[in-house]
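Please look at the structure with me as I speak.

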Amino acid sequence: MTKKQTSRSKILQSAWWAVALVVAFFSQMGFAETPDRFARSFSDFKFVYHEKVQEPEAFLASRSGDCDDFATLAAKVLGESGFVTHLYAVRMKGETHVVCYVPETGSYLDYNERAQPNPLVACDGTLKDIARKVSRSFGRDWLSAYEFSYREKMKWLVNPILFNKSSAGTLLASE
């Protein structure tokens, strides 16, 4: 490992430990991280697409990433604060978008909405409703949606994939 890589690794570890300490501090003081506070803390992060989910340390240190990075970190941090979280992926033609649904708030966290005055997107909690809202925000129809968990640096399917029947003809053509 080069000196530069070692230095970067130490910075990334420090960033992750700082976040962990902040979460622990607020939890001890009775101020658990809330979904809206979590989303707003990423308002100045830049969108940078990555093929795979970044390690939280890399995402936090670079202050840039994509929906996978944001949603998986949201699920982890909010879960540690006592919230139930669900990771949902919505597949559209040419695009897949990931959000973190929080049943207690009746909403989901969307990386694209993090800088809005109200960064939580209200929904009825069904995968179909979330898929419709996500796809509408992209101006596209959704093809399929699914719930997954992220552990051991891999996505694991939680429930069967939901297909949009109104896009059935398009689905086969886009495969």
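Helices and strands in this talk are DSSP runs, a strand having at least two residues, and they are numbered from the N terminus. In that numbering, strand E8 covers residues 154-157, and Leu-157 lies in it.

Let me begin with confidence. The average pLDDT of the chain is 85, and 77% of the residues score at least 70. Where pLDDT is low, the predicted coordinates should not be read in detail.

Which residues touch the most other members of the largest nonpolar core? In this core of 23 residues they are Phe-38, Phe-42, Phe-59, Phe-70, Leu-73, Cys-100 and Leu-109. Helices H2, H3 and H4 and strands E3 and E4 each supply at least two residues of the core, and H4 gives the most, with 8 residues. Beyond four places in sequence, Phe-38 touches several residues, including Phe-70, Leu-73 and Leu-109. There is also a second, separate core of 14 residues; among them are Tyr-88, Val-90, Trp-142 and Ala-145.

Finally, the surface. In soluble globular proteins, nonpolar side chains tend to be buried together. Is Leu-157 buried or exposed? Leu-157 is exposed, because its relative accessible area is 53%, and exposed means over 50%. Together with Ile-161 and Phe-163, Leu-157 makes a nonpolar surface patch of about 290 Å².

Conventions. Residues are numbered from 1 along each chain as its sequence is written. This is a predicted model: local features need pLDDT of at least 70, side-chain atom pairs count only at pLDDT 80 or more; totals for chains, interfaces and linings use all residues. Side-chain values use heavy atoms; hydrogens and water are left out. Patches are made of residues with over 30% relative accessible area and no salt bridge: like charges are joined within 9 Å, nonpolar side chains (Val, Leu, Ile, Met, Phe, Trp, Tyr) within 5 Å. Accessible areas come from the Shrake-Rupley method with a 1.4 Å probe; for residues, only the protein chains shown count as cover. A salt bridge is a side-chain nitrogen of Lys or Arg within 4 Å of a carboxyl oxygen of Asp or Glu. Helices (H or I, at least four residues) and strands (E, at least two) are DSSP runs, numbered from the N terminus. Buried means under 20% relative accessible area, exposed over 50%, partly exposed in between (1.4 Å probe, protein chains only). pLDDT is the predictor's confidence in each residue, from 0 to 100. A nonpolar core is a set of buried Ala, Val, Leu, Ile, Met, Phe, Trp, Tyr and Cys residues joined through side-chain atoms within 4.5 Å. Contact means heavy atoms within 4.5 Å.
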